[in-house]
Every structure is written in structure tokens, then in C-alpha cells.
Amino acid sequence: FCALLLVTVIATPLGVFAAIKPKHIMARGVLLFSTLGLSIPIFIVAVFLMYFFAIEWRLLPSFGRGDTTLVFGFWQSGLFNKDGLLHLLLPSLSLAFVMTPIFIRLIRAEMIDVLQSDYIRFAWAKGISAPRIYFIHALKNTMLPVITVGGIQAGTLVAYTILTESIFQWPGMGFLFMDAVTRVDAPLISAYLIVVGLIFVVTNTLVDVVYSLVNPRVRIPGYSS
């Protein structure tokens, strides 16, 4: 969840900027970053982040989950205290680094097409402000293919957690799966695969729901409100 949040916060403005000013030196730098990001394996990214931020600069912890806080009387989470968030940052950045380049290039390509549409020209002619045109009118119609890819990548992200959690010794599903493989724990492996399948189903269902919120014209055939 935190990796997806980072991807949204980072990729959306960078993708929009690269589409608005494609010849700007910063836009070219963003595209170069996205190309490198698609070429570098996640375990290389995780090791480099650990080396610089945890070992050389000693800014962030290199392993473990950190302190947890009891929430709602039954949920132990590190999202609600400083130590837990610091331990979460490097694994989340590693996962986000895998998906951010994909979304930057996708948002840029779709945004360029949308900005050439007639209704965008009409919006300019009406004198609507540039931020409103870019981030409301154009971006909203850019998001449909982005949501589709995001739903697929969110499920695929579960597979990357196996490497990330193993490197950072994070006690999560991926680390549990590797431990089950090492001990040849067939019931636990089967349970993991069932949960991953459930995540894919839930993610695709949420994508369909978000479709109707982003674009009300996308409805199930025969449905009437």
C-alpha cells in the first residue's frame, strides 16, 4: 500500500510535466530515469538503497519492522509511530522504484494524446486556467488506462515483496513464503498462493469500481441506476 502511494505521488506529477513540456531538460531527465528504472532489477535497487541510506549515511534502519502500535484493540501496525515508518521507508521505496517508471511513461503518453483532443482546445478557448485543464480535465481522462495497468501491477507487486522482504528482513508475506519454501511447508505455500489469488480478484474488482467513479459512462451493459 505504501509503495503504491509513493508511486501515485511521484509518477503523476512527473508524467504530467513530461507531457506538458516534452522538450524541457527536466522532462528528458524524467524519461531517462524511467528508462533506467525499467532496466534495473529490484534487488539491485534494494541493496543500493540499503548501502547508502543505512550503512554509509546512517539515516534509515536497514532491516526489521520497527516498533508497532496497537490500533483498534487488535491490529499491530508500524504505520502510526516514527520508528515503524522509518523501517518501512526503504522497502517501500524499493518497491515503488519498480513501478514508478512504468506509470511515468504511461501517464506521459496518454496525457499527450488527451491534450490534443478537441475538448481541451475548447477549454483553452474558454479561458480556463492551465492547472485546471491539466490536472482536472486532461488528467481525469488519462487515468482509465493507468488504472487498468495499476490494477495488474498492484497484484504483480506481491511477487516483488518476496525479494524486498528477504533483503530487508521484513516479517511479511514474502518473507513468510520464502521461509515456507525453505522448510518445504506445503500447506503454508498453498495458503500463500490462495491469498495472492484473492488479492488479484479484489484488485480487479476495485479497478471496475474506480472505473465507474472516474468515468460514469463506463457501466455494465444493461445496468440502469
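Q: Is Phe 33 buried, exposed or partly exposed, and what is its relative accessible area?
A: The model is a predicted one. Buried would need under 20% relative accessible area and exposed over 50%. Phe 33 falls in between and is therefore partly exposed, with a relative accessible area of 29%.

Q: How many aromatic pairs does the structure hold?
A: Rings of Phe, Tyr and Trp pair if their centres lie within 6.5 Å. By that rule the number of aromatic pairs in the structure is eight.

Q: What kind of pair do the rings of Phe 33 and Phe 97 form?
A: The centres of the two rings, Phe 33 and Phe 97, are 5.5 Å apart. Planes over 60 degrees apart count as edge-to-face. The planes here stand at 85°, so the pair of Phe 33 and Phe 97 is edge-to-face.

Q: How many residues apart in sequence are the parts that the pair of Phe 33 and Phe 97 ties together?
A: Phe 33 belongs to helix H2 (residues 25-39). Phe 97 belongs to helix H4 (residues 82-115), so the parts tied together are apart in sequence by 64 residues.

Q: Which residues do ring pairs link into a cluster with Tyr 51?
A: Tyr 51 forms an edge-to-face pair with Phe 52, at 5.2 Å centre to centre and 80° between the planes. Ring pairs link Tyr 51 into a cluster with Phe 48, Phe 52, Phe 53 and Trp 57.

Q: Is Thr 12 buried or exposed?
A: Thr 12 sits in helix H1 (residues 2-20), and its relative accessible area is 16%. The limit for buried is under 20%, so Thr 12 is buried.

Methods. Residues are numbered from 1 along each chain as its sequence is written. This is a predicted model: local features need pLDDT of at least 70, side-chain atom pairs count only at pLDDT 80 or more; totals for chains, interfaces and linings use all residues. Side-chain values use heavy atoms; hydrogens and water are left out. Rings of Phe, Tyr and Trp (its six-membered ring) pair if their centres lie within 6.5 Å; planes under 30 degrees apart count as stacked, over 60 as edge-to-face and the rest as tilted. Helices (H or I, at least four residues) and strands (E, at least two) are DSSP runs, numbered from the N terminus. Buried means under 20% relative accessible area, exposed over 50%, partly exposed in between (1.4 Å probe, protein chains only).
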